[in-house]
Amino acid sequence: MHLRVILVSFATLISVCGPPDGQAADIVVSNDAQFTAALTTAASGDRILMAPGTYAGGKYAVNLNGITIRSQDPAKPATIQGGGFGFQFSRARNVAVESIRFSNQTGNALVFDDDGAYASQVTTDITIRDV
């Protein structure tokens, strides 16, 4: 009985605090505010998993490194709707975008750029699958 309490307490600690430092996490988002926050807080190795649904376009992030952004359920992909662009990522490294649909952007759906730092190679190792 005592062992069960310890295991439940450890599981509660992991769910509240997240994985130990240095371990990748799956960050599940289901709305625009959560997705925007995940772009800000995701660390290298993390996966941002977008629940099925429609999200607003025009999302911008700088210095993403080692992040995967994908639909939680590729059979029911998240849709990025509208905006001048869907996603714009500046100075991104080792970023993957997978199994996401883009619709009705007035410009480009996906933009990866150097944020004006064209003298150095600052956007590298980008993977795009099933978009």
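A residue counts as buried when its relative accessible area is under 20%, as exposed when that area is over 50%, and as partly exposed in between, with a 1.4 Å probe and protein chains only. The model on your screen is predicted, so local features need a pLDDT of at least 70 and side-chain atom pairs count only at pLDDT 80 or more, while totals for chains, interfaces and linings use all residues. Residues are numbered from 1 along each chain as its sequence is written, and side-chain values use heavy atoms, with hydrogens and water left out.

**Stop one: lysine 59**

Select lysine 59, which lies in strand S4, residues 59-62; strands are DSSP runs of E with at least two residues, helices are runs of H or I with at least four, and both are numbered from the N terminus. Lysine 59 counts as buried because its relative accessibility is 9%. Follow its side chain to the backbone oxygen of alanine 56, which it reaches at 2.9 Å. Now show its contacts (heavy atoms within 4.5 Å): leaving aside residues up to four places away in sequence, lysine 59 touches Asp32, Phe35, Thr36, Leu39, Phe85, Gly86, Phe87 and Gln88.

**Stop two: the rings around phenylalanine 87**

Rings of Phe, Tyr and Trp (its six-membered ring) pair if their centres lie within 6.5 Å, and planes under 30 degrees apart count as stacked, over 60 as edge-to-face and the rest as tilted. By this rule there are 5 aromatic pairs. Phenylalanine 87 and phenylalanine 89 form a tilted pair, because their centres are 5.4 Å apart and their planes stand at 35 degrees.

**Stop three: the nonpolar core**

A nonpolar core is a set of buried Ala, Val, Leu, Ile, Met, Phe, Trp, Tyr and Cys residues joined through side-chain atoms within 4.5 Å. The largest one has 22 residues, of which Ile48, Met50, Ile69, Phe87 and Phe89 touch the most other members. Its largest share, 3 residues, comes from helix H2.

Notes:
Polar contact = N/O pair within 3.5 Å; in protein donor to acceptor, adjacent residues only side chain to side chain.
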